[in-house]
Amino acid sequence: MLRIGHWMVDRQGVGTMDEQRSDQSENKIRGDVAGLVVQAGSINAAQVNIGPGEAPLEPGAGSATVPWSRLAHEVRGRAALVGLLTEQVRSGTGSVLVLHGGGGYGKTTVALSAARVLRDEATVWWVDATNSTSLAQGLREVAIDAGADWHQVKDAWSGRSSAAELLWRTLDARTGCWLLLVDNADDPAVLAGPDGVVDGRGWIRTPASTGTVVITSRDGRAGAWPGQLRRRAVAALSDADGAAVLLDLAPRAGDLAAAVDLARRLGGLPLALRLAGRYLAATATTPALPGLVVPRSFAEYGTAWETRLADITVPTDGTILAERELLGKTWELSLDLLVTRGFPLARPVLRLASFLAAAPIPYEVLDASVLTDTAIFAGVTPASLVEVIGGLIGLGLLEHRAGDAETGERDAVVVHPVVRDSCRWQADAVTDAGQYRMTCLALLERATRGLGFVDPGTWPVWRMLLPHCQNAIDEGEPDTGADDLRDLRVAGVAHRTADYVDEVGLSAEADRLYRRALGIRMRLLGPEHLDTLATRNNLACVLRIRGETAAAEAEFREVLAARERILGTEHPDTFVTRRNVARTLRERGELAGAEAEFREVLAARGRLLGTEHLNTLKVRHQLACILRERGDLAGAETELRGLIATQQRIRGSEHPGTLAARHELACVRCDQGDLAGAEAEFRELVAVETHALGPEHGLTLAARHELGRVLRERGKPAHAEAELRAVIAVRERVLGSKHVRTLAARYELGRALWERGDPAGAETELRTSLVLGMSVLGRDHRLVAAIEAALAAITT
């Protein structure tokens with residue numbers, strides 16, 4: 001008897017758990033798991049540590065939350081642009097607008113001002129397009145918030161299907177007005193995404209109906225954007241509007257004429273005007289002590305600004321950007337003021353913040369105990385650091401970003417992108433760039449060490465740390481051995497960041513980061529150092545998940561041999577790798593070897609942890625699956641009945657672990673020929689799982705799939721067809737047409753159509769499944785072989 005249906009169910013979620021060790025955590029759960037799981041956190045888990053009726057967790061690595069706090073000031077001179085945007089959104093006709101202008105011209109302010117007007121009329125999302133990673137992560141959250149199923153999002157963002165297609169299919173299906181703000185898209189190529197060009201096949205497309213996309217970018221060239229995208233320049237403010245900005249912030253610094261004169265000197269640049277106003281508001285309260293000369297009026301500030309020679313380093317292309325020089329003079333004056341006020345570390349702190357990513361910096365990253373060990377920050381204390389940060393916020397050089405109790409995000413500080421860009425080119429920053437980068441790595445090493453990744457409670461922190469970790473890893477110099485300490489810090493941050501991104505389903509990024517860590521650790525620590533083995537084990541897990549089972553098995557076996565020799569056969573890390581070996585053998589169809597491994601692990605786990613420990617029960621479930629697949633139905637039944645009794649007593653009758661074991665037992669009954677009993681059990685499971693887990697949960701769909709197969713085998717092909725078509729409809733929407741579970745259901749449907757007397761329909765389903773299966777799984781895959789055999793049988 002073909003066991004494709006049963007095998008598929010196992011892929012769906014029965015007994016497909018394995019573990020992975022990180023630097024901090026022994027256990028790592030992988031796969032579409034349904035039973036025996038109480039560790040929360042895997043995006044790959046269909047149901048993780050939740051109770052009956054609760055929704056699956058929906059983790060994300062980015063954010064689409066609108067940063068309303070950036071509009072804490074009066075917006076001057078932008079009424080026409082704001083009106084244009086609001087009217088476009090209200091019209092309900094899909095369009096894309098590009099707001100372009102130099103750094104500091106207030107493009108984001110214009111976009112946010114329009115969003116604030118519309119916040120009660122339209123759904124608004126904001127995404128950072130500074131780089132491809134931040135864009136993809138933000139759009140991932142947009143897709144989920146817009147209504148895409150998170151299982152489908154997981155598949156799309158791990159590369160199994162088109163993320164851009166899923167995003168736009170979801171957005172175009174929405175009713176009501178919506179506004180998507182894509183900020184800091186200074187490189188339009190980033191918007192092309194993984195699928196092709198902008199507007200057509202990339203991330204940014206013209207909405208079908210009720211939506212509007214607004215892009216902010218420094219690049220205003222006509223050739224940089226498709227012709228159908230409307231472009232609007234965000235120009236400098238008029239002298240009158242610039243003067244109004246200054247008087248809003250520093251009303252006692254002079255009269256209108258003086259404000260107009262300073263606004264003209266500052267070129268009408270909104271950011272420079274706000275910084276000047278904040279400066280003069282601060283100096284207005286500074287005591288006029290003998291010998292202390294600081295500008296206190298618009299006129300005095302203008303004179304100081306003209307004579308201040310900011311140390312601007314010439315970029316590699318030999319040019320000096322006018323806006324960088326213009327703004328550099330502005331905030332260097334503000335830094336001079338803070339130094340005068342007794343904050344000598346103001347300049348280094350701002351430089352340090354500029355070497356982190358262009359993203360909110362959680363306060364806990366700025367650890368004074370780490371900073372004080374560096375030459376630049378020697379002697380800093382938590383109290384003095386708080387005062388410096390407060391001074392920088394007061395002068396507008398840093399922005400305080402309040403946390404969100406609902407999402408778990410922390411309080412943070414933000415450096416304006418233009419300030420960040422300019423600060424990194426100051427002469428002292430260029431000279432000390434190596435020290436600043438090393439300090440950033442040390443801060444991130446401290447922040448990530450001990451921060452778990454399995455508990456969803458840590459994900460909001462990780463979301464904030466992720467861009468900084470990626471920035472520090474990618475900005476590091478090539479691993480040439482010139483600085484071993486730096487490279488080891490890069491490896492540690494890369495490994496822990498890979499743990500997190502893999503946990504939330506970004507397997508391609510996890511692969512990249514693990515490989516970066518592994519290359520460093522192999523070179524500096526050797527292939528059998530414990531840290532190297534941890535990275536090798538985790539990378540092998542990613543390889544297995546991505547279908548590279550031969551490479552995964554070879555790596556697991558090398559890691560296992562080393563861990564047995566170094567740690568002993570009963571060390572927890574050794575058990576982790578043994579289970580990974582068994583898991584990989586099972587996926588490759590080497591069931592005898594997998595059973596032997598699981599039995600040895602089960603005996604050891606039972607002896608060391610007890611027969612009812614979570615990890616022992618995991619192995620029992622996996623062993624029962626192996627026994628069923630090998631044809632030892634009596635042994636599988638014995639294991640499963642005992643497991644069900646234990647699970648019901650410990651976790652209850654509606655827990656996914658209990659239901660998964662019941663599912664496996666129903667499959668055994670089917671194999672034993674008790675089709676009526678199997679049908680009754682699957683019908684009950686479908687009802688219970690629909691109530692407890694939801695109609696689109698992996699276990700619910702698996703039970704319906706098996707019910708369809710049993711109905712076919714009982715001679716009820718029409719009933720089987722109805723059940724299987726319902727399963728396929730959900731799986732195609734949630735997982736995509738090429739997913740192995742969708743293909744398995746189509747295979748079963750083809751067999752049902754043949755038995756119902758529809759050979760043409762059967763051949764169509766099987767041929768479609770075969771073509772898709774070979775393109776995704778390869779000719780040697782078990783499912784592909786079964787489809788090929790079934791097709792041959794009905795066409796001969």
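Is Cys541 buried or exposed, and what is its relative accessibility? Cys541 counts as buried because its relative accessibility is 0%, where buried means under 20% relative accessible area, exposed means over 50%, and partly exposed lies in between, with a 1.4 Å probe and protein chains only.

## Basis of the model

This is a predicted model, in which local features need pLDDT of at least 70 and side-chain atom pairs count only at pLDDT 80 or more, whereas totals for chains, interfaces and linings use all residues. Residues are numbered from 1 along each chain as its sequence is written, and side-chain values use heavy atoms, with hydrogens and water left out.

## Overall architecture

The protein chain has 33 helices and 8 strands; helices (H or I, at least four residues) and strands (E, at least two) are DSSP runs, numbered from the N terminus. Of the 796 residues in the protein chain, 59% are buried. Among contacts (heavy atoms within 4.5 Å) between residues at least 6 apart in sequence, 70% join residues at least 24 apart.

## Cysteines

A search of the whole structure finds 0 disulfides, a disulfide being a pair of cysteine sulfur atoms within 2.5 Å. Cys625 is in no disulfide, and the nearest cysteine sulfur, which belongs to Cys667, is 8.7 Å away. Cys625 counts as buried, because its relative accessibility is 0%.

## Aromatic pairs and a charge over a ring

The whole structure holds 5 aromatic pairs; rings of Phe, Tyr and Trp (its six-membered ring) pair if their centres lie within 6.5 Å, and planes under 30 degrees apart count as stacked, over 60 as edge-to-face and the rest as tilted. Trp168 and Trp178 form a tilted pair, with 6.1 Å from centre to centre and 55° between the planes. Because Trp168 lies in helix H6 (residues 163–172) and Trp178 in strand S3 (residues 178–183), this pair ties together parts that are 10 residues apart in sequence. Trp168 is buried, with a relative accessible area of 3%, and Trp178 is buried, with a value of 1%. Ring pairs link Trp125, Trp168 and Trp178 into a cluster.

Trp462 and Tyr500 form a stacked pair, with 5.2 Å from centre to centre and 5° between the planes. This pair links distant parts of the chain, with Trp462 in helix H18 (residues 459–475) and Tyr500 in helix H19 (residues 484–503), 38 residues apart, and both Trp462 and Tyr500 are buried. Elsewhere, Arg424 lies over the face of Phe355, at 4.8 Å from the ring centre; a charge sits over a ring if NZ of Lys or CZ of Arg is within 6 Å of the ring centre and within 35 degrees of the ring normal.

## Thr216 and Asn184

Thr216 is placed in strand S4 (residues 211–217) and counts as buried, because its relative accessibility is 3%. The side chain of Thr216 reaches the backbone nitrogen of Asn184 at 2.9 Å. Not counting residues up to four places away in sequence, Thr216 touches several residues, including Leu99, Lys107, Val182 and Asn184.

Asn184 itself is placed in the loop between S3 and S4 and is buried, with a relative accessible area of 17%. Most residues other than glycine have a negative phi, but phi of Asn184 is positive, near 60°.

H21 is mostly covered, with 13 of its 16 residues buried.

For helix H28 (residues 675–692), the 18 residues should span 26 Å at 1.5 Å a residue, and the end C-alpha atoms are 25 Å apart, which agrees. The buried residues of H28 include Leu675, Phe682, Leu685 and Val688, and also Glu679, Glu681 and Glu689. What covers the buried residues of H28 includes helix H27 (656–671) and helix H29 (698–713). H28 is followed by Gly694, whose phi is positive, near 110°.

## Leu247

Leu247 is placed in helix H7 (residues 239–249) and is partly exposed, with a relative accessible area of 26%. Leaving aside neighbours within four places in sequence, Leu247 is in contact with Gly254, Leu256, Ala259 and Phe298. The C-alpha atoms of Leu247 and Phe298 are separated by 9.6 Å, although these residues are 51 apart along the chain.

Methods: A polar contact is a pair of N or O atoms within 3.5 Å; within protein, one must be able to donate a hydrogen and the other to accept it, and residues adjacent in sequence count only if both atoms are side-chain atoms. The expected span of a helix is 1.5 Å times one less than its number of residues.
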